[in-house]
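Let's take a walk through this model together, moving from its helices to its loops and rings. Have the sequence and the 3D view open as you read.

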Amino acid sequence: MATLLLRLAAPLQSWGMDSKFETRKTNREPTKSGIIGLLSAALGLRRDETEKIEKLNQLRFAVRVDREGSLLIDYHTAGNSLPWKSSKQTYVTQRHYLCDAVFLVGLESDDSAWLEQLEEALRHPAFPLFLGRRSCPPTQPLCLGICPLDLLEALRHEPPLVPDQNRTEPRTFRICTDAEPGNAESVPVRDLPISFSPIHRQYGYRAVQEIVMTEPSVLPGETTHDPFTELG
């Protein structure tokens, strides 16, 4: 059992799960369908390669929220102005984004070779990668490597992506994870991609559970940085 860890950070992210008509909303954290889309782009998959998408769906998924970010709503217009037409058609949408959010994503599998293939693809992607929308490229590093722990243990042991050395009280982090079958605390969400075909996108349901992780207290002045190590 091992877990591939991803760092998702950018000025803007947008993880749509309930986007209809003129209002394009974003989830508070990355969706599994969005991450599967990211992996598909890195691997160079076509949108209708359903068998390969199904293999990606088998990865156990969780996300730790290191910084929630703030909501930005963009008033967006798209026009269709042609010289032989007397009128201009304008389409207006409200597009929602997360500003300055930071997430730690874990993808767990029993197949370490499969995780290594995904890691290599993310480091050398076939297609450009983005965080939910094409206008949201990720900052680096995106891929943090493979951790030899199961999903939740990997998220608990990975240091905070937004450290705060001046903090003396414990911090808490939300973790949204794939739930075990029969978990009474889980909720179903329509966030399991079946096909990304623009003609007929299809999504199934998955069970999601939200838990809270507490970070140990940090003593005032405590630091892991040793400047003398640079002299060695």
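Which residues of H2 are buried? They are Ile 53, Leu 56 and Asn 57, where buried means under 20% relative accessible area, exposed means over 50%, and partly exposed lies in between (1.4 Å probe, protein chains only). Looking down the axis of H2, these buried residues fall within an arc of 105°, so they line one face of the helix; the arc is that of the directions from the helix axis to the C-beta atoms. Their cover includes H1, H3 and strand E10 (187-195).

A word on the ground rules: this is a predicted model, in which local features need pLDDT of at least 70 and side-chain atom pairs count only at pLDDT 80 or more, while totals for chains, interfaces and linings use all residues. Residues are numbered from 1 along each chain as its sequence is written, and side-chain values use heavy atoms, with hydrogens and water left out.

Stepping back, the chain has four helices and eleven strands. Helices (H or I, at least four residues) and strands (E, at least two) are DSSP runs, numbered from the N terminus. Of the 232 residues, 41% count as buried. Among contacts with a separation of 6 or more, 75% come from residues 24 or more positions apart, a contact being heavy atoms within 4.5 Å.

Now to H3, which covers residues 112-123. Its twelve residues reach 17 Å from first C-alpha to last, close to the 16 Å expected at 1.5 Å a residue; that expected span is 1.5 Å times one less than the number of residues. Trp 114, Leu 115, Leu 118, Glu 119, Ala 121 and Leu 122 are buried in H3. Down the helix axis they fall within an arc of 165°, so they too line one face of H3. They pack against strand E1 (2-9), helix H1 (32-43), helix H2 (50-57), strand E7 (102-109) and strand E8 (143-147).

Two loops are worth a visit. Gly 44, in the loop between H1 and H2, is partly exposed at 27% relative accessible area. Gly 44 and Phe 127 are 83 residues apart in sequence, yet 6.2 Å apart in space, C-alpha to C-alpha. Arg 171 sits in the loop between helix H4 (151-157) and strand E9 (172-178). Arg 171 is buried, at 11%, and its side chain reaches the backbone oxygen of Val 162 at 3.0 Å.

Finally, the rings. The charged end of Lys 55 sits over the ring of Trp 114, 4.1 Å from its centre, and that of Arg 64 sits over the ring of Phe 173, at 5.3 Å. To count, NZ of Lys or CZ of Arg must be within 6 Å of the ring centre and within 35 degrees of the ring normal. A search of the whole structure finds one aromatic pair: Phe 196 and Tyr 203, edge-to-face, 6.5 Å centre to centre with 75° between the planes. Rings of Phe, Tyr and Trp (its six-membered ring) pair if their centres lie within 6.5 Å, and planes under 30 degrees apart count as stacked, over 60 as edge-to-face and the rest as tilted. Phe 196 is buried at 11%, whereas Tyr 203 is partly exposed at 25%.

Notes. A polar contact is a pair of N or O atoms within 3.5 Å; within protein, one must be able to donate a hydrogen and the other to accept it, and residues adjacent in sequence count only if both atoms are side-chain atoms.
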